[in-house]
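The following dialogue concerns the reading of a protein model.

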Amino acid sequence: DAQVRFVKSALWYYGYGRPELYGLPCDGSAGSRELLLAFSWLLHRLRLPERLLARDRVRTGDEASVCTCEDDLPCSQGGSEVAPECSLEDQVDVRYLQWLSGRLRFQWQSLHALHQEQCKLLHKIHLFTSGCHMDKILGHFSVTETDLVRRPENYKQLLELLESETMQLEAFLEWKQLEQVYWQWMEAVLDDMSEEGSLCKAQDAHPRKSPLPKTGACCHWAGSLVGKIDRLSTDLTSVRDQLQELVARRKAAWHEKVKTREEELQKENFCSTAAKTQEAVELKLLDITHRCAPTEKRMHGSCRLVFRSRDSTGKTGIGRSVSKEPVPAVSAAEVIRELQVRKGSLERELRQLQEESRQRMDEIARGLDGVICVSP
């Protein structure tokens, strides 16, 4: 049961919206074809083979993940979809959620400290092994290469990992050759399921009587239809008049509110308010400009860390230019600038959400009788 619930929750998280899957029994006694459809959807949506190859790749060099693009979190949209089953027993206390949030924040700080320590150790390895590598563009050993130099007996384990990766690459090439056959088979499965669904709907609708009238009662049916249309037209006219009156009242109330707000702004320091508004608009425009930047400038993926000392940015000790690199280099300063812009955008969004939440809580607190709420 736990495995079935986990599979349903994972598919719901990634946006799989077929309700027939979520209606399957939790004992796993049925639903093999639905699981096949869900697995095929994951193959197409998440590109599972490529992800597995990237996860199991043997990293002989020191790499770091760089991502300055926007986060595209997978979410299921559409209110008509059926969510996985959730009972009242799944509800937890708010204090437990606060404890989990604090624990997560502590773990994040610990992870950041460990990452800083790892960067220091990598810097030492790259600095001490500078000039030892045969490739003059790199010029230094990685952690894996340094470990092999210190303990040559570990090369067998590395060789086994490389052979396993080679087998996965061969399997991926074989899958690419037969992928078209698989999707043709899945089209046949979908056609069979659609035919079965249409037959079931036809059987369900067969015992129902036809809503159309008989030919003998055509005149009576037409007369009643004209009467219904007249009544509907009258009702629509009255509704339109009511809506126009409501819009007029709303406009008058809005103009009155705007006039009152203008008087309040005139009493206050109007210049400071205008300056704050202008600053907020400029920050928003900067955020929009950053989001509308060309996608090729945004970096995403893993990059190999290459040590560059201050005296080796122009030329190396043997007079060879370092700028002739086979792949475009990414400097840390550029990544830091991109992340700072992203950080400012996220902080502004966080402040806006906090202000909206505070206003919503104030509105809720006003409706509570006998309760005093002290803001933090």
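Q: How many helices and strands does the protein chain have?

A: Secondary structure is read here from DSSP runs, numbered from the N terminus: helices are H or I runs of at least four residues, and strands are E runs of at least two. By that reading, the protein chain has 10 helices and two strands. Their order along the sequence is α-α-α-α-β-α-α-α-α-α-β-α. The model is predicted, so local features need pLDDT of at least 70 and side-chain atom pairs count only at pLDDT 80 or more, whereas totals for chains, interfaces and linings use all residues. Residues are numbered from 1 along each chain as its sequence is written, and side-chain values use heavy atoms, with hydrogens and water left out.

Q: What share of the protein chain counts as buried, and what area does the chain expose?

A: Burial is judged by relative accessible area: under 20% is buried, over 50% is exposed, and values in between are partly exposed (1.4 Å probe, protein chains only). Of the 376 residues of the protein chain, 14% are buried. Accessible areas come from the Shrake-Rupley method with a 1.4 Å probe, and for residues only the protein chains shown count as cover. The chain exposes about 31,000 Å², of which carbon and sulfur atoms supply 59%.

Q: What share of the contacts joins residues 24 or more positions apart?

A: A contact means heavy atoms within 4.5 Å. Among contacts in the protein chain with a separation of 6 or more, 69% are between residues 24 or more positions apart.

Q: Which residues of the largest nonpolar core touch the most other members?

A: A nonpolar core is a set of buried Ala, Val, Leu, Ile, Met, Phe, Trp, Tyr and Cys residues joined through side-chain atoms within 4.5 Å. The largest one here has 14 residues, and Leu11, Tyr16, Leu21, Leu37 and Ala38 touch the most other members. Two or more residues come from each of α2 (19-22), α3 (32-46) and α7 (155-205), with α3 giving the largest share, five residues. Apart from neighbours within four places in sequence, Tyr16 is in contact with Leu11, Leu21, Tyr22, Glu34, Leu37, Ala38 and Trp41.

Q: How does the span of α3 compare with the expected span, and which of its residues are buried?

A: The expected span of a helix is 1.5 Å times one less than its number of residues. α3 has 15 residues and reaches 21 Å from its first C-alpha to its last, close to the expected 21 Å. Its buried residues are Glu34, Leu37, Ala38, Ser40, Leu42, Leu43 and Leu46. Ser40, at 5% relative accessibility, counts as buried. Not counting residues up to four places away in sequence, Ser40 touches Tyr182, Trp183 and Met186.

Q: What is the phi of arginine 47, and where is this residue found?

A: Backbone torsions can be read residue by residue. Arg47 has a positive phi of about 55 degrees although it is not a glycine. Arg47 lies in the loop between α3 and α4 and is partly exposed, with a relative accessible area of 48%.

Q: How many salt bridges does the whole structure hold, and which partners does lysine 176 have?

A: A salt bridge is a side-chain nitrogen of Lys or Arg within 4 Å of a carboxyl oxygen of Asp or Glu. A search of the whole structure finds 10 salt bridges. One of them joins Lys176 to Glu50, with the closest N and O atoms 3.9 Å apart. Since Lys176 lies in helix α7 and Glu50 in helix α4 (residues 48-55), this pair ties together parts that are 126 residues apart in sequence. Lys176 is partly exposed at 39% relative accessibility, and Glu50 is partly exposed at 26%. Lys176 also forms a salt bridge with Glu179 (3.3 Å, N to O).

Q: Why are lysine 176 and glutamate 179 separated by about one helical turn?

A: An α-helix has 3.6 residues a turn, so residues three or four places apart point the same way. Lys176 and Glu179 are about one helical turn apart because they are three residues apart in helix α7.

Q: Which residues form a salt bridge with N to O at 3.9 Å beside the pair already described, and which residues do shared partners join into one network?

A: Arg240 and Asp241 meet through their side chains in a salt bridge (3.9 Å, N to O). Salt bridges that share partners join Arg47, Glu50, Lys176 and Glu179 into one network.

Q: Which residues form a nonpolar patch on the surface?

A: Patches are made of residues with over 30% relative accessible area and no salt bridge; like charges are joined within 9 Å, and nonpolar side chains (Val, Leu, Ile, Met, Phe, Trp, Tyr) within 5 Å. Tyr96, Leu97, Trp99 and Leu100 form such a nonpolar patch, with about 400 Å² of accessible area together. Tyr96 is found in helix α5 (residues 94-128) and is partly exposed, with a relative accessible area of 43%.
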